[in-house]
Amino acid sequence: MKIAVAGTGYVGLVTGVCLASKGHQVTCVDVDEKKVEIMRQGISPIYEPGLDELMQQNMLRLTFTVDYESAYKDAQVIFIGVGTPEKKDGSANLSYVYKVVEQIAESVERECVVVVKSTVPIGTNDKIETYMIEHLKNNVRVHIASNPEFLAQGTAVHDTLHASRIVIGAESDYAKTVLEKVYENFEAPKVITNRRSAEMIKYASNDFLALKISYVNEIANLCEIVGADIEDVTRGMGFDARIGDKFLNSGIGYGGSCFPKDTKALSWLASFNDNEIKTIKAAIEVNENQKFKLIKKARKYYEDFSGLTVAVLGLTFKPGTDDLREAPSLVNIPIMLEDGARVKAWDPVGVQNYKKIYPEEIEYCDSIQETLENADICFIFTEWPEVKQLDVMVYKALMRHPIILDGRNCYKLDAFANSGIIYDSIGRETIG
Ligand code: NAD
C-alpha cells in the first residue's frame, strides 16, 4: 500500500521502517530538514537498536521528505506520529497533531484513512474528523482512525514487529478494512473497537504501568524502614500470575516522554470532566518524590556536595535509548552543580544530547573507570549493562571515597560483603 507517516521520531520512524519491511511503500515526512537529510543516507537520527539495519534493508521502499504535499496527496493511508507533549496545566499539547491535520486537509486528492498514532486525549479523533470535514480543500472522503502505539524505546523495532496487540479504533468499515490490510502481515492480536475506546486503551495502559512502578517504589521505601528486601519481595509477588513478574523494578522513578505526560494528561482530562482519578494522582506524586530519593540518601554521607567530585553513571531515562526526556538525572545533577560539586558523567549514548543542555558544566568521560577516578560519591541513574557487569571492586580501587548510591539496584548485596564500599540502593539494606 502507499503509506505516508508524519513525524520521524521514535514512533513515526520505527512505524515507517517496519511498515516498509512488510512490503508497503512508505514516505516519511518531517519538518526537520537535517533529520531528513540524514535518513536519506539510510541512517537513523535516533538511537534505537536494529533500526539502522532495517532501514538500510528497505531503502527501496522508503522515501524521506519535508514536502508533505507530495507525500499526502495520493497516499492511501497517512499515519500521524508527531509529539503530544505536556502543557503547563498537564493537558496534552495537540498543536503538532493539528498542524499535520491542517497539512493533510490541504493536500489530499483521494479517499484515504488518516491514522492517529500519537497519544491523544479521548475525543480527539472525533474533533479531528470535524476539523477535516470543514477544512478539506478537495472533495474527497477522509476517514479518521485511532491506532495507538505501545512500543517501548530501546526495544521499539522488536515491539513493532512482534506487537503485544494492535488496537484499531474506527467508525467506518472502510477504515477498518484498510487498517486490517495494512497490518495483515503482522502477527499480533487485533483489538478492533471504536475511536474513543482505542484512545482510552492507550492512556489506561500507560497509566497502569506508571501506577505499578509507583506502587513498587512505595513498597520499596517501606522495605527500607521495616527491614525487608524489595528484590525478594517483588520476586515473591511476581510468581502470582495475576500480578506478573514484569515491571516490578523499584528505583528512582519513571521518566521518558510518555509516562510522566500521559499520567498528567489523563488526570487533567478527568478533572476537566468533573471527575478524579485518585490512583493516578497518587502515582504522579510518588514519582515526583522518588526522583530525589538518592539526593536525600546522599545527605547522610555529606552535608552538601561543595568541593566534592561526584561520579554519575547513566544520564538517559532508561537503558537502550538516547532520550533524556524527564530523565531523573536532569533533576539531580542541577542540585549537585548548584552545591558546587565537580560532576563527572558517563553514558554510552546520551552524552551528545546532554551536551546540548550542559555543554561545559559537566566533565563527560569516555569510560566508567575514568568517571570513578577520585570520586567522593557515585550516583547510578541508569541500569546500562556496562554498569551492571562492572566488578564492584573497581569502585573500591578508583574512588577516593567508595560510596555508591544505586537508583536502579544494579548489584546483588552479596557482592559488597567485606568490600569496604558503602552501597546504598532502593528498598534494601545499606551495606557498609
Ligand atoms: P518525537 O518527539 O520523538 O518525534 C516527533 C517528530 O515529529 C519530530 O521528528 C518532529 O520534527 C516531527 N514533526 C513535528 N511536526 C511535524 C509536522 N508538521 N510534520 C511532520 N513531522 C513533524 O515523538 P515520539 O516520541 O515519537 O512520540 C510521538 C507520539 O507517539 C507521542 O504522542 C507519544 O506520546 C506517542 N508514543 C511515544 C512512544 C515513545 O516511546 N516515544 C511510545 C508510544 C507512543
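Me: Where in the fold is Cys-258 found?
Reply: This is a predicted model, where local features need pLDDT of at least 70, side-chain atom pairs count only at pLDDT 80 or more, and totals for chains, interfaces and linings use all residues. Residues are numbered from 1 along each chain as its sequence is written. Helices are DSSP runs of H or I with at least four residues, strands are runs of E with at least two, and both are numbered from the N terminus. Cys-258 is found in the loop between helix 10 (230–238) and helix 11 (259–272).

Me: Which feature does UniProt place at Cys-258?
Reply: The record is an unreviewed entry. Its positions follow the numbering used here, feature names are shortened, and annotations may be inferred rather than shown by experiment. At Cys-258, UniProt places the feature "active site".

Me: Is Cys-258 buried or exposed?
Reply: Buried takes 20 or more other C-beta atoms within 10 Å of a residue's own, exposed 12 or fewer, and partly exposed is in between, with C-beta atoms placed from the backbone. Cys-258 has 25 C-beta neighbours inside 10 Å, so Cys-258 counts as buried.

Me: Which helix do the buried residues of helix 10 pack against?
Reply: The buried residues of helix 10 are Ile-230, Glu-231 and Thr-234. They sit on the same side of helix 10 because they cover an arc of only 100 degrees around the axis, taken from the directions from the helix axis to the C-beta atoms. The face turned away carries the exposed Asp-232, Arg-235 and Gly-236. The buried ones pack against helix 9 (195–226).

Me: Which residues is Ile-284 in contact with, leaving aside neighbours within four places in sequence?
Reply: Ile-284 belongs to helix 12 (residues 278–290) and is buried, with 20 other C-beta atoms within 10 Å. Contact means C-beta atoms, placed from the backbone, within 7 Å. By that rule, the partners of Ile-284 are Thr-263, Lys-264 and Ser-267.

Me: How many of the residues in the shell around the ligand are charged?
Reply: A residue counts as near if its C-beta atom, placed from the backbone, lies within 6 Å, and 27 residues surround the ligand. Nonpolar covers Ala, Val, Leu, Ile, Met, Phe, Trp, Tyr, Cys and Pro, charged covers Asp, Glu, Lys and Arg, and the others, Gly among them, are polar. The shell splits into 11 nonpolar, 11 polar and, for charged, 5.

Me: What is the average pLDDT of the chain?
Reply: pLDDT is the predictor's confidence in each residue, from 0 to 100. Here 100% of the residues score at least 70, and the chain average is 97.

How values were computed
Two residues are in contact if their C-beta atoms, placed from the backbone, lie within 7 Å.
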